[in-house]
Amino acid sequence: MFLKIVGILGLVVVVCSQNHYGTHNDAQHDVVHYHHDEEHHGPAHYEYHYDVHDDHTGDVHGQHEARKDDSTHGEYYLIDADGHKRTVKYHVEGKSGFIAEVHREPVKGFHDAPLNFHHKFEEKY
């Protein structure tokens, strides 16, 4: 008998909680339509540059870029492992896409690492 009372009280609690919290039913609630406006941004204006020259690792590279509204132009360079300086000049005008010119030239005084590097290894038992 005690289990029947607990079971009936449990059903009452479940029914009351459904009425209190409710289940989502479009017939019960007004449907809200959201309108998505396009995001409007102010004009973009920036300019930056940096240069890296690390004698310890041999890392040499840099970049310069400037933008005004829909016009972006810039240049970056780096020293490739084979001793050539690669320079890339680029620009974007509106929706034209990324347009680049690549130039390579040898760097004076660049010395390649020896191709035949031998390491002497001695095993001692």
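Student: In the hairpin of strand 1 and strand 2, which residue takes a positive phi?
Tutor: In this predicted model, G58 takes a positive phi near 80°, and the hairpin to which G58 belongs has 4 residues between strand 1 and strand 2.

Student: And how many bridges do strand 1 and strand 2 pair over?
Tutor: Strand 1 and strand 2, the latter made of residues 59-68, pair over 10 bridges in the antiparallel sense, and within that pairing H49 has H64 in strand 2 as its bridge partner.

Student: What order do the strands of the open sheet have?
Tutor: The open sheet has 5 strands in the order 1-2-3-4-5, with antiparallel pairing. Strand 1 and strand 5 (99-106) stand at the edges, and because each has a single partner strand, one side of each is left without a neighbour in the sheet. Neighbouring strands of this sheet are turned against each other by 10° on average, if direction is ignored.

Student: Switching to the surface, which residues make the nonpolar patch?
Tutor: Y46, Y48 and Y50 make a nonpolar surface patch of about 270 Å², and of these Y48 is found in strand 1, which covers residues 45-54.

Student: Why does Y48 count as partly exposed?
Tutor: Y48 has a relative accessibility of 33%, and partly exposed covers the range between the buried limit, under 20%, and the exposed limit, over 50%, so Y48 is placed in the partly exposed class.

Terms used
Residues numbered from 1 in each chain as written. Predicted model: local features only at pLDDT ≥ 70, side-chain atom pairs only at ≥ 80, totals over all residues. Heavy atoms only, no water. Patch = residues over 30% accessible without salt bridge, like charges linked within 9 Å, V, L, I, M, F, W, Y side chains within 5 Å. Areas by Shrake-Rupley, 256 points an atom, 1.4 Å probe, with all protein chains shown as cover. Salt bridge = Lys/Arg side-chain N within 4 Å of Asp/Glu carboxyl O. Helix = DSSP H or I, 4+ residues; strand = E, 2+ residues; numbered from the N terminus. Buried < 20%, exposed > 50% of the residue type's maximum accessible area, 1.4 Å probe, protein only. Pairing = 2+ DSSP bridges. Axes fitted to C-alpha atoms, helices over the stretch in contact; angles between N-to-C directions.
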